[in-house]
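Here's a quick walk through one structure, written for someone who likes to know the cut-offs behind each term. Have the viewer open while you read.

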Amino acid sequence: MGTKLGLVGLPNAGKSTLFNALTAAHAAVAPYPFTTIDQHVGVAQVADPRLDALAACLAPQQIIPTSIEFVDIAGLVKGAHQGEGLGNQFLSHILGVDAILHVVRGFEDPNVAHPMGEADPLRDIEVVHTELLLKDLEVVERRTEKEHKLAKGGDKQAVTLTGHLERWHAALAKGQPIRHLGLAPEAHPRSFGIELLSAKPVLYAVNIGEDGQRSSGWVEQIRQLAQREGAEVVVFCAKLEAELVELEAADRAEMMRELGVTESALPQVIRRGYALLRLVTFFTTASNILQAWTVRSGTKAPQAAGTIHTDFERHFIRAEVIQAEQLVQCGSEAAARAQGVLRLEGKEYAVQDGDVVHFKIGQA
Ligand SMILES: Nc1nc2c(ncn2[C@@H]2O[C@H](COP(=O)(O)OP(=O)(O)OP(=O)(O)O)[C@@H](O)[C@H]2O)c(=O)[nH]1
Ligand SMILES: [Mg+2]
């Protein structure tokens with residue numbers, strides 16, 4: 001499973017600048033609104049010190065890190081659902097994302113117009129939230145109409161779904177995002193194949209100014225908001241980040257030191273995003289290829305095998321497991337086996353973060 005994050009925010013918030021910094025891409029960035037019209041999709045590799053340590057120890061032929069995907073879309077403005085700005089049709093571009101990376105403008109720059117005049121991150125957040133809710137209302141209303149007809153015709157599934165749709169509609173109409181309803185998996189829109197934007201977890205990406213000073217009060221307020229909502233926050237200066245990503249590693253490290261930047265945006269987004277989505281990483285070493293994989297915490301061994309190859313889930317027999325750190329200590333898989341520290345796990349084993357797994361698969 002590749003993890004996918006969708007960048008959402010007002011025009012000129014710095015979405016494309018951040019996208020470029022995260023994916024080392026060159027999407028158009030300009031000081032006027034609606035620079036982005038068509039969506040951009042980019043991929044970033046997930047750096048992992050455990051992968052590096054395993055690589056040094058096992059000297060595999062090939063090393064494949066796990067990756068995270070980003071979708072940069074057009075800016076939203078107040079009234080987008082009524083067609084203001086570019087409207088909100090493009091919100092469908094972020095259907096299929098696992099979480100929303102909500103880019104909040106926390107910088108002031110007279111050369112970069114703010115679509116609402118003054119910088120005011122909390123108001124901006126509210127505007128974006130409202131547009132996402134209204135988009136969901138649109139989807140729910142359209143679907144309700146369809147399901148009503150089916151329900152009248154005696155379709156039992158449609159009757160059940162209509163009940164859920166009514167509950168979702170009531171929440172959205174009150175301004176409550178679906179993710180705040182604490183829905184059980186079987187009552188979640190996803191289980192009916194319905195994608196609602198306000199059901200997705202949110203990671204606030206606060207784009208602070210180059211000086212970082214003026215924004216500090218805002219950052220605190222956004223952190224408090226996120227805490228109330230169960231969301232996560234990352235803070236960075238997109239403009240500096242986009243410059244840093246263009247540099248060679250050594251120059252980048254030096255410039256970061258000079259600027260006092262302790263962690264760049266990508267590792268922050270990955271760390272917070274993994275926490276938000278409760279993701280874990282496991283490793284495989286088959287065919288002399290060391291590869292990192294991402295699954296949701298709690299994923300059982302057969303389903304984890306299924307992310308490698310769909311057939312593997314069905315033909316799963318057992319897994320040989322060892323923690324990456326332990327394998328590095330042993331020096332090789334043969335040594336680990338000789339020392340009897342490889343664990344044998346069955347179908348009910350939930351893969352743990354940092355596991356190195358060898359799946360035993362039966363014949364098709
Ligand atoms: N001063 C300053 N300017 C920034 C920062 N981040 C982005 N900008 C500038 O803001 C302008 C808009 O940035 P974009 O990345 O194009 O913004 P966007 O959110 O993608 O905008 P749309 O595609 O129009 O929705 C550009 O001129 C950027 O150089 C920052 O941290 N500080
Ligand atoms: Mg853009």
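This is a predicted model: local features need pLDDT of at least 70, side-chain atom pairs count only at pLDDT 80 or more; totals for chains, interfaces and linings use all residues.

What follows goes from the ground rules to the domains, the ligand shell, the strands and a few individual residues.

## Ground rules

Residues are numbered from 1 along each chain as its sequence is written, while chains are lettered from A and ligands numbered from 1 in the order in which they are written.

## Domains and the core

The domain assignment, which is automatic or taken from a database, gives domain 1 (3–36 + 73–276) and domain 2 (278–361). Their C-alpha centres are 34 Å apart.

The largest nonpolar core holds 85 residues. Here a nonpolar core means a set of buried Ala, Val, Leu, Ile, Met, Phe, Trp, Tyr and Cys residues joined through C-beta atoms within 7 Å. Buried means that 20 or more other C-beta atoms lie within 10 Å of a residue's own; 12 or fewer makes it exposed, anything in between partly exposed, and the C-beta atoms are placed from the backbone. Leu-7, Leu-18, Leu-22, Leu-101, Leu-203, Tyr-204 and Ala-205 have the most contacts inside this core. Helix H3 (residues 121–152) gives the largest share, 7 residues. Both domain 1 and domain 2 give residues to this core, so it lies between them. Helices (H or I, at least four residues) and strands (E, at least two) are DSSP runs, numbered from the N terminus.

A contact here means C-beta atoms, placed from the backbone, within 7 Å of each other.

## Around the ligand

Which residues come nearest to ligand 1? Out of the 26 around ligand 1, they are Gly-14, Ser-16, Thr-17, Thr-36 and Gly-75. To be counted as near, a residue needs its C-beta atom, placed from the backbone, within 6 Å of the molecule. The shell splits into 12 nonpolar, 10 polar and 4 charged residues.

H1 is mostly covered, with 9 of its 9 residues buried; among them are Lys-15, Asn-20 and Thr-23. Just after H1, Ala-24 takes a positive phi of about 50°.

Val-29 sits in the loop between H1 and strand S2 (40–45). Val-29 counts as partly exposed because it has 18 C-beta neighbours inside 10 Å. Beyond its neighbours within four places in sequence, Val-29 contacts Ser-16, Thr-17, Asn-20 and Thr-35.

## Strands and a hairpin

Strands pair if DSSP finds at least two bridges between them. Strand S9 (residues 289–296) runs parallel to strand S3 (residues 62–64), with 3 bridges, and Ile-63 stands opposite Leu-290 in S9. Strand S8 (residues 279–284) runs antiparallel to S9, with 6 bridges; there, Phe-282 stands opposite Trp-293.

The hairpin of S8 and S9 has 4 residues between the strands, and Ser-287 in it takes a positive phi near 55°. Most residues other than glycine have a negative phi. Asn-288, in the loop between S8 and S9, also has a positive phi, about 65°. With 10 other C-beta atoms within 10 Å, Asn-288 is exposed.

Arg-278, in the loop between helix H8 (265–277) and S8, has a positive phi of about 50° without being a glycine. Arg-278 is exposed, with 10 other C-beta atoms within 10 Å.

## Helix H9 and its neighbours

Which residues of helix H9 (residues 301–308) are buried? They are Ala-301, Pro-302, Ala-304, Ala-305 and Gly-306. These buried residues pack against S8, S9, helix H10 (310–314), strand S10 (316–323), strand S11 (343–345) and strand S12 (355–361).

Definitions and conventions: Ala, Val, Leu, Ile, Met, Phe, Trp, Tyr, Cys and Pro count as nonpolar, Asp, Glu, Lys and Arg as charged, and the others, Gly among them, as polar. Two residues are in contact if their C-beta atoms, placed from the backbone, lie within 7 Å.
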